[in-house]
Amino acid sequence: MASPFTDRPPSTWVARNELAFALRDAYPVSPGHTLVIPFREVATWFEATIEEQMALLALVNVVKRQLDEELRPDGYNVGFNAGLAAGQTVMHLHVHVIPRFTGDVPDPRGGVRHVIPGKGNYLAASPLATGGTADPFLAHVLPLFDSASRVSLVAAFVQDSGLTLLLDAVHALLARGGTVRLVTGDYLAITQVAALERLLSWTVLFPAFEARMVETARLTPPGTAFHPKSWLFEGPGVAVGFVGSSNISRSALAGGIEWNLRTDRALAPEAWTRLTAAFDALWTAATPLTAAWLAEYERRARLESRPLPPGEEVAEPLPPVPLPHTLQREGLEALKKTRKDGRGRALVVMATGLGKTWLAAFDLAQMCRELGRFPRTLFVAHRAEILEQAARTFTRIARDLGEAPRLSWCAGSGDDLSGQLVFASVQKLALADGLERLAAEHFDYVVVDEVHHAAAASYRRILNSLDTDFLLGLTATPDRADEADVLGFFDDNVPY
């Protein structure tokens, strides 16, 4: 049967790119309900090429911006059906972008889980979370992040995979003015260096996030096992804690058999008081996580590596570095050529969602091979979330190269431009002191993200103060309404 979407004239489209188009759903479930569809008639997401998938995701972002401006919804459901068993009735892939509004249903919690009636509301309080795929611990704690204003966590071990699962919840809590305190430990060096690097970035970029370390060498007797796990959530109308077996790892949160017992202050005030007092005592005795502490921990973990005792938790492997997709490979070739041609500045334009940060990280690896050493690198952005993502991406690339560059931050509470791999905020660099110190530093490679803002005075001051062998600007939108000359900052060189 022919796709009904192909009969819709272009005049009905609300957005398009080379591989996909978007139009309003003929039977909307909410105002603004939009479908994002590939031009090629493939049945499901899984038959689409990676380029088509990227194009679809890029259009989802475009549609979201349109709806934000037009309807100002309070949230979104975004997804697709794949196959008859999943309810797909039109066998031409289409991604739903559904605006959601406060009050459009009595209780929206559970979101897309409501595709199976009766399974949506996983939020009903249960005194025991038993883990596994039937009762994952993550389903118990994420709603509490949403309602709490103060979160206190103890995890004997922290894995980067677990932090990935908590990322959005932590960011949302901090963005609305909440606070997070996290205590972990160095017992048997199971806590991953990559996880501590991410925690350190959060402490630098977000003043309301704090992390401390329990050093087992300072316990009595030295080397005492450190195994506590607790999750405390406090806020208006909520005072809930869990104590049990879940550390911060993907297995412990998303599928492992982990038992965690819930306590509510209203139901068990004595247990709650003892739990919060125990956390406060642990917090007071713990050591703040700093770059120096992390460097020493990494050294010890490498030198003292030994088999773990039976039953101890092993580190979950970090995901492999992805391979560049087609557009990124083309961009890398263009950047390699532009340097070979003697150009010292370049602007790359790629649509949102196509992986500009990864492109820059892949190019860092490319420069490493060109130079025969790790390039001293500065990454500049105006938002903490971008800097955090870039730090994680660039350190993954560095590890893949067998390198361990020293990171430093000139953002948030950080004020250090001396690292081999430096992440800096526009706001901090543009200050008089920041510009003076920036001018005294030389970098092999500088990346400035969202450089369409470069016409702003702060960006101009930074670009004029840089001493670098190669400057890469990244943007999705180089053309400005005020006709400011962004290209001029890059010698009119747009290799890709």
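What covers the buried residues of helix H13? The cover includes strand S14 (345–349), helix H11 (426–429), helix H12 (432–439), strand S18 (443–448) and strand S19 (468–475), where contact means heavy atoms within 4.5 Å.

This is a predicted model, in which local features need pLDDT of at least 70 and side-chain atom pairs count only at pLDDT 80 or more, whereas totals for chains, interfaces and linings use all residues. Residues are numbered from 1 along each chain as its sequence is written, and side-chain values use heavy atoms, with hydrogens and water left out.

Helices (H or I, at least four residues) and strands (E, at least two) are DSSP runs numbered from the N terminus. In H13 (residues 457–465), the buried residues are Tyr-459, Ile-462, Leu-463 and Ser-465; buried means under 20% relative accessible area, exposed over 50%, and partly exposed in between (1.4 Å probe, protein chains only). Seen down the axis of H13, these residues fall within an arc of 165°, so they line one face of the helix. The arc is that of the directions from the helix axis to the C-beta atoms.

The structure holds 22 salt bridges, each a side-chain nitrogen of Lys or Arg within 4 Å of a carboxyl oxygen of Asp or Glu. Among them are the following.

| Pair | N to O distance |
|---|---|
| Arg-392 and Asp-160 | 2.2 Å |
| Arg-300 and Asp-186 | 3.6 Å |
| Arg-383 and Glu-450 | 3.6 Å |

Asp-160, Arg-198 and Arg-392 are linked in a network of salt bridges. Asp-160 is buried at 1% relative accessibility, while Arg-392 is partly exposed at 27%.
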